[in-house]
Amino acid sequence: MKVVLTGAAGFIGSNLARQWVVEHPEDTVTVFDLLTYAGRRESLRELEALPNFRFVRGDVAERGDLDPVVADADLVVHLAAESHNDRAIADPRPFVRTNIVGTATLLESCRRHDVPRAHFVSTDEVFGSLELDDPRRFDESSPYRPRGPYSASKAAADHLVRAWQTTYGLPLTLSNCSNNFGPYQFPEKLIPLAITNLIRGRKVPLYGDGRYVRDWIDVGDHCRALELVARKGRPGVTYLISAETEVANLELVHRLLAIFGSGPDMIEHVADRPGHDRRYALDPRRLREEFGWAPAHTFDQALSETVRWYRAHPEWWEPLLPHVVGGAAR
Ligand SMILES: NC(=O)c1ccc[n+]([C@@H]2O[C@H](COP(=O)([O-])OP(=O)(O)OC[C@H]3O[C@@H](n4cnc5c(N)ncnc54)[C@H](O)[C@@H]3O)[C@@H](O)[C@H]2O)c1
């Protein structure tokens, strides 16, 4: 099978590419990526020499870049996106271009070339924010209530996917996942930011009161779910992906401080982000029941492994530090 992974020089995509290329030598995997600040060939280095791996640099918003790659694909998994909330607040335009125009361009390319299957990767942030004491979690029928430029651009992309599926009968699936963490995540996101600061003996900046609850998942567990849904998901169906592990940012930072043997004096409280969502939580029942999927890692296990990876790979993250935007825990 010929598989195209867009945006797979980024965090989640590079983990998915590694899994796919190594575990399925019978498949040919093409990573299609523009290599923005967030995309890195270094994250794919161990794959470069393998015969079933190919890298193509290109822009998902450019038909001329996409068409030659999509033309003979059996399966496309779309991960390419602008993904950082602080960058979206500072300048939403690249989010509109890549996340909305890019998704529309890819949908049109899939339509022109009759691609047999395409899967679109999205986020829990499209559903908006829950109150801390709300017993509910979002499910596949929850209304879309995006509250920031990033989540609004992803929500728009999800609507396009459903519209192309309904209108043109394309064989498309969609998944919305909660907050990921693990190796190869750009060090401006909460967990790698905190880890790389602590490795360097610096304080961890924390937005507001830190009572912002996120539903955390190990990136490897997300990638397992993505492969299942991309291969076997029912066309037109959305799957929510979550390890059902809700942790407040303050608690998360305390767990990291414990791993490093540091005290609360290593936390630096900083002014809150505008429109900061309080809580995200997803119900992954459909994914569990249809595929028997379950996360293979506990949160604490995955957190310790992630710390180990960043400690062992300063050559990967140190050159990225000058490019970090934002820098407070989300
Ligand atoms: N990180 C999370 O916690 C999370 C959670 C749920 C969903 N998602 C979604 O998963 C996907 C991947 O997220 P990530 O965290 O790996 O993001 P990332 O920012 O690490 O990687 C994005 C990749 O897309 C590439 N890219 C950006 N613009 C492009 C363009 N115009 N054309 C081609 N490539 C382009 C970048 O070079 C980069 O390699 C995104 O769609 C994101 O919305 C992420």
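Leaving aside neighbours within four places in sequence, I259 is in contact with L303, S304 and V307. Contact here means that two C-beta atoms, placed from the backbone, lie within 7 Å. I259 sits in helix α8. Helices (H or I, at least four residues) and strands (E, at least two) are DSSP runs, numbered from the N terminus. I259 is partly exposed because 15 other C-beta atoms lie within 10 Å. The scale runs as follows: buried at 20 or more other C-beta atoms within 10 Å of the residue's own, exposed at 12 or fewer, partly exposed in between, with C-beta atoms placed from the backbone. R93 is 166 residues away from I259 along the chain, and 39 Å separate their C-alpha atoms.

A word on the model itself. It is predicted; local features need pLDDT of at least 70, side-chain atom pairs count only at pLDDT 80 or more, and totals for chains, interfaces and linings use all residues. Numbering starts from 1 along each chain as its sequence is written.

Now the overall layout. The protein is divided into domain 1 (2–180 + 217–241) and domain 2 (187–214 + 246–282 + 300–323). These bounds come from an automatic or database domain assignment. Taken over C-alpha atoms, the centres of domain 1 and domain 2 are 25 Å apart. Across the boundary, 21 residues of domain 1 are in contact with 16 residues of domain 2. The side of domain 1 that touches domain 2 has 6 nonpolar, 7 polar and 8 charged residues. The classes are simple: Ala, Val, Leu, Ile, Met, Phe, Trp, Tyr, Cys and Pro are nonpolar, Asp, Glu, Lys and Arg are charged, and the others, Gly among them, are polar.

What lies inside? The largest nonpolar core has 88 residues. Such a core is a set of buried Ala, Val, Leu, Ile, Met, Phe, Trp, Tyr and Cys residues joined through C-beta atoms within 7 Å. L5, A17, V76 and A194 have the most contacts inside this core. The core draws at least three residues from each of domain 1 and domain 2.

Helix α6 (residues 190–199) is mostly covered, with 9 of its 10 residues buried. Which elements cover them? After α6 comes G201, whose phi is positive, near 75°.

Helix α7 (residues 219–232) has 14 residues. From first C-alpha to last, α7 reaches 20 Å, close to the 20 Å expected at 1.5 Å a residue. That expected span is 1.5 Å times one less than the number of residues. In α7, V219, G220, D221, H222, C223, A225, L226, V229 and A230 are buried.

Further along comes T238, in strand β10 (residues 238–241). T238 counts as buried because it has 21 C-beta neighbours inside 10 Å. Beyond its neighbours within four places in sequence, T238 is in contact with E140, L174, S175 and N176. H119 is 119 residues apart from T238 along the chain, with 9.8 Å between the C-alpha atoms.

Finally, the loops. Most residues other than glycine have a negative phi. D114 is not a glycine, yet has a positive phi of about 50°. D114 lies in the loop between α4 and β5. D114 counts as exposed because it has 9 C-beta neighbours inside 10 Å. E244, also not a glycine, has a positive phi of about 55°. E244 is in the loop between β10 and β11 (246–248). With 17 C-beta neighbours inside 10 Å, E244 counts as partly exposed. R45 lies in the loop between β2 (28–33) and β3 (53–57). R45 has 11 other C-beta atoms within 10 Å, so it is exposed. R18 is 27 residues apart from R45 along the chain, and their C-alpha atoms are separated by 9.8 Å.
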